[in-house]
Amino acid sequence: MAKPYSEDLRKRVVGVVDGGLSRRQAAALFDVGISTVVHWVRRWRETGSVAAKPMGGDHRSRLSRERTWILERIEAVPDLTLEELRDELKQRGVSVGYGTVWRFFAREDITVKKNRAGGRTRTA
């Protein structure tokens, strides 16, 4: 993800808009997008700040608390699909996307091997 624009630039853009320039003119003058200027001016008027919102954040998995339960379920039912696991998690009150479960399996190095007949054999 790109870095946010500097606060100095944001202040100058908002300043010229407050000084009477249109948002389009300010965007052209400072070579930024029109919608960017609109967002900055709106943020300035609503909060009194032009500072960028924080980037990044908590990247811990929402499944970390369910790790033990998930590993037990996989041990008990080795051919459980990701969608079936998602449904069971939802019943437990944990609503997550397919990708979240996929990344959990990747992080835990859990793979499912298939035999030639097309069925699953075991977890690796």
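## Overall features

Of the 124 residues in the protein chain, 25% count as buried. The model is a predicted one. The accessible surface of the chain comes to about 9100 Å², and carbon and sulfur atoms account for 48% of that surface.

Six helices and two strands make up the elements of the protein chain. Read from the N terminus, their order is α-α-α-α-α-α-β-β. Among contacts between residues at least 6 apart in sequence, 43% join residues at least 24 apart.

## Nonpolar cores

In soluble globular proteins, nonpolar side chains tend to be buried together. In this chain, the largest nonpolar core has 14 residues. Those with the most contacts inside this core are L63, I70, L85, L89, V96, V101 and F105. Two or more residues each come from α4 (67-76), α5 (82-91) and α6 (98-107). Apart from this core lies another, of twelve residues, with V13, V14, V37 and W40 among them.

The surroundings of L89 can be listed by residue. Leaving out residues up to four places away in sequence, L89 touches L63, E66, W69, I70, V94, V96 and V101.

| Helix pair | Axes come within | Crossing angle |
|---|---|---|
| α5 and α6 | 10 Å | roughly 110° |
| α1 (residues 7-18) and α3 (residues 34-47) | 10 Å | roughly 85° |

On the α5 side, the contact is made by L82, E83, L85, R86 and L89; on the α6 side, by Y98, V101, W102 and F105. By class, this contact of α5 with α6 has seven nonpolar, no polar and two charged residues. L85, L89, V101 and F105 are also listed among the residues with the most contacts inside the largest nonpolar core.

The axes of α1 and α3 cross at roughly 85°, and these two helices are therefore roughly perpendicular to each other. Here L9, R10, V13, V14, V17 and D18 in α1 meet V37, W40, V41, W44 and R45 in α3. The contact of α1 with α3 has eight nonpolar, no polar and three charged residues by class.

Technical notes
Residues numbered from 1 in each chain as written. Predicted model: local features only at pLDDT ≥ 70, side-chain atom pairs only at ≥ 80, totals over all residues. Heavy atoms only, no water. Core = buried A, V, L, I, M, F, W, Y, C linked by side-chain atoms within 4.5 Å. Buried < 20%, exposed > 50% of the residue type's maximum accessible area, 1.4 Å probe, protein only. Helix = DSSP H or I, 4+ residues; strand = E, 2+ residues; numbered from the N terminus. Contact = heavy atoms within 4.5 Å. Areas by Shrake-Rupley, 256 points an atom, 1.4 Å probe, with all protein chains shown as cover. Axes fitted to C-alpha atoms, helices over the stretch in contact; angles between N-to-C directions. Nonpolar A, V, L, I, M, F, W, Y, C, P; charged D, E, K, R; others polar. Parallel < 35°, antiparallel > 145°, perpendicular 65-115°, else oblique.
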